[in-house]
Amino acid sequence: MVLENLGRSLHSALKKITRSAHIDEEAIKSLAKDIQQALLQADVNVQLVMDLTKRIEERALKEKVPSGVPRKEHLIRIVYEELSDFLGESAEISLEEEKPKVMLLVGLQGSGKTTSTAKLASYFQKRGYMVGMVCADTYRPGAYEQLKQLGDQIGVPVFGDPDGGDAVRLSAKGVEVLKEEDPDLILIDTAGRHRQEKALMEEVERIAQRINPDEVVLTVDATLGQQAKPQASAFQEATDIGSIFITKLDGTAKGGGALSAVAATGAPIKFIGTGEKLDEIEKFAPERFVSRLLGMGDIETLIEKIKETSKSTKAKPEDMKAIMTGKLTLRNVYEQLEQFSSIGPLKKILQMIPGVGMSIPDDQIEIGKEKLELYKVIMDSMTEEELDSPKIIKSSRIKRIAKGSATSESEVKELLEQYERMRKIIKSFTRGRLPKTGDLGKLLKQMPKGY
Ligand SMILES: Nc1nc2c(ncn2[C@@H]2O[C@H](COP(=O)(O)OP(=O)(O)OP(=O)(O)O)[C@@H](O)[C@H]2O)c(=O)[nH]1
Ligand SMILES: [Mg+2]
């Protein structure tokens, strides 16, 4: 998970609160301390941490608890709200206005411009928009080929010149050529030479002057931690139509530092990159992000991912809803096997379910691709009735299924055990109800015992 360590520490700080008998000043102070420690470890700036925890403490001590709300719940809500505020406000990219919207991606060398350009293209294409990309990086050898390859992967046209040329002219030409197709969005990938930063900034400025983009997107590498701030501030001052794409949030312990430092400059973070693959992009919504971070799940992002997948495949949100509410049948499993792999590994999906968070050991849910294939073959030999009510599958049926699918009885049993385990885990966490993100009262009640 993104920011796994931070999530774990915050999660255990809250767990301590839910377990304590009384919420008194001491408990609040101790919670604030735990949160401080967790954030400092994630490379969040000391001053920001102090301000945040002071606000949490003050609110927790002074605010009147609304009637009917348990004190603990109120306290957790304060933490949730303050952490969400801390990460800025939700900002939208809208493609509904004038067509085409032109976005210019800028950033330091290796910060992830090219990858993020293609990720954005794929993100909006999946949502039904027509997208084109322009390669205006004329410095990096093979820059055009890199973007072209990514474009081919997702079926998005790329304009560029393999021989390089003048970046400003290429950008203008690219926009002009792509406009003929009447796209909704044109994304321009630029160069990122670090050593001649000044020349680079000048070039970006000249491109911006020439093509007048609707939005300039700065990619910022999350591994910089709080050091991301100067980049974001300079950018925030230089452009008023800017947004930030934080890349490489996966696999860095400093992501919390980067997110909070950038948010503190007031520059809107609109997207985050959570891996090298093109679908590893998420719209950044602080509340949802914090909700998932605290192990409270993120149903909205999950539903969004399912909708996205169901456009290109036949995945059905109803099936996912059935799974999340513990009504998992083998039929759901069968129908979703392929979709699961396109939404992301099962563990990522489960993390978006409230209460599941970090509580499941990897080996309980990681099913390899080959295993999934085998399970599909086995399920092909099952009857409709068996797929709908797996509990009727006893030894004689197991024998028949194994024979029909040319597998062994133990493999059939293994599938049934795996299914049962998944069903139980999911059921025990969701308790048969589908909560909404942000509805903390309900979420908290659904947390498993010992949370
Ligand atoms: N893990 C991870 N890697 C990423 C992410 N985004 C980009 N990368 C990787 O970062 C490296 C640099 O990405 P590019 O997209 O080529 O960066 P760039 O800013 O275009 O680089 P230049 O054009 O050389 O300035 C590549 O290896 C990418 O796969 C992300 O969100 N997570
Ligand atoms: Mg590049």
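Which residue just after α4 takes a positive phi? In this predicted model, the residue is Gly88, with a phi of about 90°.

The chain has 451 residues, of which 54% are buried. Its secondary structure consists of 21 helices and 8 strands. Of the contacts between residues at least 6 apart in sequence, 71% join residues that are at least 24 apart.

Helix α4 covers residues 71–86. Buried residues in α4 are Glu73, His74, Leu75, Ile76, Ile78, Val79, Tyr80, Glu82, Leu83, Ser84 and Phe86. In an α-helix there are 3.6 residues a turn, so residues three or four places apart point the same way.

The loop between α3 (46–62) and α4 contains Lys64. Lys64 counts as exposed because its relative accessibility of 74% is over 50%. By contrast, His74 of α4 is among the buried residues. Lys64 and His74 are 10 residues apart along the chain, and their C-alpha atoms are separated by 9.4 Å.

The peptide bond that runs from Lys99 to Pro100 is cis, with omega near -10°.

Further backbone features occur in two other loops. Asp182 is located in the loop between α7 (167–179) and β4 (185–190). Its phi is near 60°, a positive value in a residue other than glycine. With a relative accessible area of 46%, Asp182 is partly exposed, because this value falls between 20% and 50%. Lys248, in the loop between β6 (242–247) and α10 (255–264), also is not a glycine and has a positive phi of about 60°. The relative accessibility of Lys248 is 32%, so this residue too counts as partly exposed.

Ser116 is part of helix α5, which comprises residues 113–126. Ser116 is buried because its relative accessible area, 1%, is under 20%. A polar atom of the Ser116 side chain lies 2.6 Å from the backbone oxygen of Gly112. Leaving aside residues up to four places away in sequence, Ser116 touches Leu105, Thr219, Phe245 and Thr247.

Thr219, one of these partners of Ser116, is situated in strand β5. Thr219 has a relative accessible area of 0% and is therefore buried. With residues up to four places away in sequence not counted, Thr219 touches Leu105, Val106, Gly107, Ser111, Gly112, Lys113, Ser116, Gln231, Phe245 and Thr247. The side chains of Thr219 and Ser111 are joined by a polar contact of 2.9 Å. Gly107, another residue touched by Thr219, is 112 residues from Thr219 in sequence, yet the two C-alpha atoms are 5.1 Å apart in space.

Strand β2 (residues 131–136) includes Ala136. Its relative accessible area is 0%, so Ala136 is buried. Ala136 and Leu105 are separated by 31 residues in sequence and by 9.9 Å from C-alpha to C-alpha. The residues that Ala136 touches, again without those up to four places away in sequence, are Ala167, Ser171, Ile188, Asp189, Thr190, Ala191, Glu203 and Ile207.

The second largest pocket has a volume of about 500 Å³. It is lined by 19 residues, and those closest to its centre are Met201, Val204, Phe235, Ala238 and Thr239. The elements that give two or more residues to this lining are α8 (197–211), β5 (215–221) and α9 (229–238). Of the elements, α8 gives the most to the lining, with 6 residues. By class, 13 residues of the lining are nonpolar, 3 are polar and 3 are charged.

Definitions and conventions: Residues are numbered from 1 along each chain as its sequence is written. Chains are lettered from A and ligands numbered from 1 in the order in which they are written. This is a predicted model: local features need pLDDT of at least 70, side-chain atom pairs count only at pLDDT 80 or more; totals for chains, interfaces and linings use all residues. Side-chain values use heavy atoms; hydrogens and water are left out. Helices (H or I, at least four residues) and strands (E, at least two) are DSSP runs, numbered from the N terminus. Buried means under 20% relative accessible area, exposed over 50%, partly exposed in between (1.4 Å probe, protein chains only). A polar contact is a pair of N or O atoms within 3.5 Å; within protein, one must be able to donate a hydrogen and the other to accept it, and residues adjacent in sequence count only if both atoms are side-chain atoms. Contact means heavy atoms within 4.5 Å. On a 1 Å grid over the protein atoms alone, a cavity is a set of points where a 1.4 Å probe fits but cannot get out, and a pocket is an open set with protein on both sides within 12 Å along at least five of seven lines; lining residues have an atom within 4 Å of a point. Grid points are joined across faces, edges and corners, and a volume is the space filled by probe spheres set on the points. Ala, Val, Leu, Ile, Met, Phe, Trp, Tyr, Cys and Pro count as nonpolar, Asp, Glu, Lys and Arg as charged, and the others, Gly among them, as polar. The expected span of a helix is 1.5 Å times one less than its number of residues.
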